[in-house]
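I wanted to go through the fold piece by piece and jot down what turned up.

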Amino acid sequence: MREVRVQRVGEAIKKELSQIFQQELKDPRIGFVTVTDVEMSGDLQQAEVYLTVLGNEEQKEQTLEALEKAKGFIRSEIGRRVRLRHTPQLIFKFDASIEYGNRIEKLLKEINQEDKS
């Protein structure tokens with residue numbers, strides 16, 4: 001039963017973070033950010049937020065810096081929107097799975113083209 005609540009809270013935070021990133025944050029360093037997953041700790045005290053950012057490595061680093069700077073505002077918005085006794089601490093991480101999948105797809109296409117030649 002506890003696992004279901006942890007997942008439900010994680011999904012609610014993911015939804016709210018997406019809206020906050022799109023509508024509330026005005027920092028020009030924050031590019032096109034997508035929240036891919038939120039993993040909550042069992043006690044709901046920490047939330048690991050996995051992000052993908054469109055752009056090069058420099059833009060990704062600038063986006064992460066801007067999010068770290070705005071972490072207090074983001075956390076207060078989460079606390080206001082999602083009713084919890086304690087608002088979880090946010091830990092932002094890049095999700096490399098999409099880039100990894102794109103690289104594998106590219107390699108498979110290259111192999112297929114070599115086989116046809």
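I'm working from a predicted model, where local features need pLDDT of at least 70, side-chain atom pairs count only at pLDDT 80 or more, and totals for chains, interfaces and linings use all residues. Numbering starts from 1 along each chain as its sequence is written, and side-chain values use heavy atoms, with hydrogens and water left out.

**Sheet.** I looked up the strand order and got β1-β2-β3, an open sheet of 3 strands with mixed pairing. β1 (33-40) and β3 (89-94) each have a single partner strand, so one side of each has no neighbour in the sheet. Strands here are DSSP runs of E, at least two residues, and helices runs of H or I, at least four, numbered from the N terminus. Two strands pair if DSSP finds at least two bridges between them.

**Pairings.** I found β1 and β2 antiparallel over 7 bridges, with Asp 37 partnered by Tyr 50 in β2. Their hairpin has 5 residues between the strands, and Leu 44 there takes a positive phi near 65°. β2 (residues 46-53) runs parallel to β3, joined by 6 bridges. Ala 47 stands opposite Leu 90 in β3.

**Leu 108.** I placed Leu 108 in helix α4 (residues 97-116).
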